[in-house]
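I opened this model to look up its confidence, its core, its ring pairs and a few side-chain contacts. My notes follow the viewer.

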Amino acid sequence: MGGERNAAYDMFDADPASRGLGVELVEAADGAAVARMRVTDTMINGHAIAHGGFVFLLADTAFALACNSWGPATVAAGGEISFVRPARAGDLLTASATERTRYGRSGIYDVTVTRQDGAVIAEFRGRSRTLVDRPAPADARAPEV
């Protein structure tokens, strides 16, 4: 992956949800991306493990960064996740997204979430759709898909 700034970086700068939860953009280029997040005490569920929604959010963010690295605004058309192992408070999770294919305005991306010891936490597959209309970030209207 190259270190050049692209549309994924602009999208991430305008993403208070991911940044507010401590997600960091490590790199994004050419249909691939890496993002990471530290699991905090407030992300733990009643089983004393990371709530799956936070793991999904990290994977979804890496997916969004990968599919937006090409430039045209692209959103999720769908996604699914398989949880492999639990994460715990203090774990540093890394989500690595890779483009599998793009066809027309659609794409398929795979994301592997690992913790600091290299253990796989989750596998995510996302389906993307490039937007017909890309509004300016300050424009609150919903673009056509």
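**Ground rules**

I am working on a predicted model, where local features need pLDDT of at least 70, side-chain atom pairs count only at pLDDT 80 or more, and totals for chains, interfaces and linings use all residues. Residues are numbered from 1 along each chain as its sequence is written, and side-chain values use heavy atoms, with hydrogens and water left out.

**Confidence**

I looked up pLDDT, the predictor's confidence in each residue on a scale from 0 to 100. The average for the protein is 91, and 89% of the residues score at least 70. Residues 135-142 fall below 50. I also checked contacts there, with contact meaning heavy atoms within 4.5 Å. Beyond near neighbours in sequence, this stretch has three contacts in the model.

**Core**

I use helices (H or I, at least four residues) and strands (E, at least two) as DSSP runs, numbered from the N terminus. Buried means under 20% relative accessible area, exposed over 50%, and partly exposed in between (1.4 Å probe, protein chains only). A nonpolar core is a set of buried Ala, Val, Leu, Ile, Met, Phe, Trp, Tyr and Cys residues joined through side-chain atoms within 4.5 Å.

Which residues touch the most other members of the largest nonpolar core? I find L58, L65, L93, V111 and V113, out of 30 residues. The elements giving two or more residues to this core are α1 (7-13), β1, β2, α3, β4 (92-103), β5 (106-114) and β6 (120-130). Helix α3 supplies the largest share, eight residues. In soluble globular proteins, nonpolar side chains tend to be buried together.

I then listed the partners of L65. Setting aside neighbours within four places in sequence, L65 contacts A8, M11, F12, L25, A28, A33 and A35.

**Rings**

My ring rule covers Phe, Tyr and Trp (its six-membered ring): centres within 6.5 Å make a pair, planes under 30 degrees apart count as stacked, over 60 as edge-to-face, and the rest as tilted. I get three aromatic pairs by this rule.

One of them is F56 with F124, edge-to-face, at 5.2 Å centre to centre and 70 degrees between the planes. F56 sits in helix α3 and F124 in strand β6, so this pair ties together parts 68 residues apart in sequence. F56 is partly exposed at 29% relative accessibility. F124 is buried at 3%.

Another is F63 with F124. Their ring centres are 5.7 Å apart and their planes stand at 50 degrees, so I log the pair as tilted. F63 is in helix α3 and F124 in strand β6, so the parts tied together here are 61 residues apart in sequence. Both F63 and F124 are buried. F56, F63, Y109 and F124 form one aromatic cluster.

I also looked for a charge over a ring, which needs NZ of Lys or CZ of Arg within 6 Å of the ring centre and within 35 degrees of the ring normal. R102 lies over the face of W70, 4.2 Å from the ring centre.

**Polar contacts**

A polar contact is a pair of N or O atoms within 3.5 Å; within protein, one must be able to donate a hydrogen and the other to accept it, and residues adjacent in sequence count only if both atoms are side-chain atoms.

T130 is in strand β6. Its side chain makes a polar contact of 3.2 Å with that of T74.

S106 is in strand β5. Is S106 buried or exposed? I read 16% relative accessibility, so S106 counts as buried. Leaving out residues up to four places away in sequence, S106 touches T101, S128 and R129.

**Backbone**

I checked for positive phi outside glycine. D30 has phi near 50 degrees. D30 is in the loop between β1 (24-29) and β2 (32-38), and is exposed at 56% relative accessibility. A48 has a positive phi of about 65 degrees. A48 is in the loop between β2 and α3 (52-68), and is partly exposed at 49%.

Last entry: E27 in strand β1. E27 is partly exposed at 26%. E27 and A62 are 35 residues apart in sequence and 9.4 Å apart in space, C-alpha to C-alpha.
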